[in-house]
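The following exercises are intended for a reader new to this structure. Each task is followed by a solution in steps.

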Amino acid sequence: MVLKVTDSPFSQEQVELLNRLLPTLSEVQKVWLSGYLAALHKVEAPMAAGFQAAPAANGAVISKEVTVLFGSQSGNSQKLAKVLTGKLQEHGFHVTLSSMSDFKTNALKKVENLLVVVSTHGDGEPPDNAISFHEFLHSKRAPQLVGLRFSVLALGDTSYELFCQTGKEFDKRLEELGGKRLTPRVDCDVDYDEQASEWMNHVLASLSETSATQVAAASAIVGGAVIGSGTQTEYTRSNPFQAVILENLNLNGRGSDKETRHLEISLEGSNLEYEPGDCLGIYPKNHPDLVRELIDAMGWKAEELVPINKVGEERTLEEALSSHFEITVLTKPLLEQAVKLSSGNGLQELLAEGREQELRDYVRNRDLLDLVEDYDLKGVPSKEFVSILRKLPPRLYSISSSLKSYPDEVHLTIRNVHYQAHGRERYGVCSSYIADRLETGDTLPVFVQHNPNFKLPANPDAPLIMIGPGTGVAPFRAFLGEREELGAKGKTWLFFGDQHFSTDFLYQLEWQRWLKKGVLTHMDVAFSRDTSEKVYVQHRMLEKSKELYQWLQAGAHVYVCGDEKKMAHDVHAAMVTILQQEGGLDSEEAVTYLKRMQQEKRYQRDVY
């Protein structure tokens, strides 16, 4: 439908602007805009005093009391839960917002409207601050929840086999206990903004029994730039800041098997702020060699135009595969879509029931080029093919600087990933982009990802125990820089490990300076390849078990950063052993002790 001057109250210039804009809008954007305009025109009705219940269209009474619970490891679920809370409050709801670890479980049976926003961590596990609530809900102590209305927003990553597993488990269990769904569960991949926004609007519509358009009036797209009267641009995940690289150095010595980049980035003019423990998100580009090989293998032309989003924006195929689509990770959902594009190539057999292990083995360390060559997908038109690809997600890195120490700057510590697999060289998408193709003066699209679940204690005199081998030491450089600037008096103890003392002792001079100044009280190191038997950080912890236990008893806060699959589990096991050995606890009591520390925010992990 084309708008005309004769059919509307608009001028010729306004009509031309609207006709250029409207075809580019998605359905969600159209709904939001119509609701926004309706809200501007409509006089806001006064809220019911005391958040009284409102009658629904069918005569039933809808409670205005809503409980929003989040389980979050890196902060995404918590951020979305806060956005949801704000929207509910705008519509007159009385909202209780809580992390799952802080929620009093005996209050659950009194909840009438429950909204759960939860991510999945590791191999289908709940995030740290959701573990206790997850265990309670699946225990015999969980109450019957007849009369409960609920909905679940699950965050996950389709590159993991147990995609959104924690959200699925909460959704299933709440139903088993007698709850009724307000709206169906929504499972979000790493590009969650639009799906999360739609879920919130549907929840609001179900709670208030209004039309989606009315609900959308106060519901901006999640993650977008804030609309307001000010002129300051807000840089976010969906509107990243183009930051200039100030320094890009290799921290490892000559002869090391590793390459670890120290990246210094300017935030001048961005108005971006962060705290120690936060992450920086970077939108990378795929390796140009892989892009070219993929285009050649499929018989495409690099300059042909393809759509890059639902709105219909187009870019050249080369640019789309470089900057907009994920091409290095294979997932089961992707293979299921690829089957529909080309039949009779054996891909259907790989996806057959009973061949799950074979599928797992195939997708590990393979990329899109492997898929199209192994299963003869040549001939599929590029526009059809890119329609099944997910967006290239940003990569999150723990910030290794304090803003107080380095105003208008942010520092990162990134290990360059490259390895041989299935006859080809493989590259970490973001790490190789930074290490091999970016120089001082180049720009990177970045945003700050706040992580409220990995923060320094409010009391600067509280002792800290920090465990971070390899690049896991990054946030502890930020912690100590912050404490130095604040003049904090609390004791600090760092456990660091890597392969070789001579080539892999990251930030060695800085730790030594802080030791000399007293900012760092103790440092224990483990260089696994310098001894006949491999020694890791957990071994150093056990060697110092008596003193470490004394620190715990004195109220020390424990922080762990790095590899989740092995290191974090080994460190956790070492903590249990220390509590048993030095505190005289049995295994169950030791586990309970650590859970209590997590609830008190004294045991925090940033693991991946």
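**Exercise 1.** Why is helix α15 (residues 429-437) largely enclosed by the rest of the structure?

*Solution.* The model is a predicted one, in which local features need pLDDT of at least 70, side-chain atom pairs count only at pLDDT 80 or more, and totals for chains, interfaces and linings use all residues. Residues are numbered from 1 along each chain as its sequence is written, and side-chain values use heavy atoms, with hydrogens and water left out.

Step 1. Buried means under 20% relative accessible area, exposed over 50%, and partly exposed in between (1.4 Å probe, protein chains only).

Step 2. Apply them: 7 of the 9 residues of α15 are buried, so this helix is largely enclosed.

Step 3. Name the buried residues: they are Val429, Cys430, Ser431, Ser432, Tyr433, Ile434 and Ala435.

**Exercise 2.** Describe the chain as a whole.

*Solution.* Step 1. Count the elements: the chain has 22 helices and 23 strands.

Step 1. Consider burial: 50% of the 608 residues count as buried.

Step 2. Consider contacts (heavy atoms within 4.5 Å). Among those in the chain with a separation of 6 or more, 75% join residues 24 or more positions apart.

**Exercise 3.** Is Gln598 buried or exposed, and which residues does Gln598 touch, not counting residues up to four places away in sequence?

*Solution.* Step 1. Locate the residue: Gln598 sits in helix α22, residues 587-599.

Step 1. Judge its accessibility: the value is 18%, so Gln598 counts as buried.

Step 2. List the contacts: leaving aside residues up to four places away in sequence, Gln598 touches Asp128 and Tyr603.

Step 3. Compare sequence with space: Gln598 and Ile131 are 467 residues apart in sequence, and their C-alpha atoms are 9.9 Å apart.

Methods. Helices (H or I, at least four residues) and strands (E, at least two) are DSSP runs, numbered from the N terminus.
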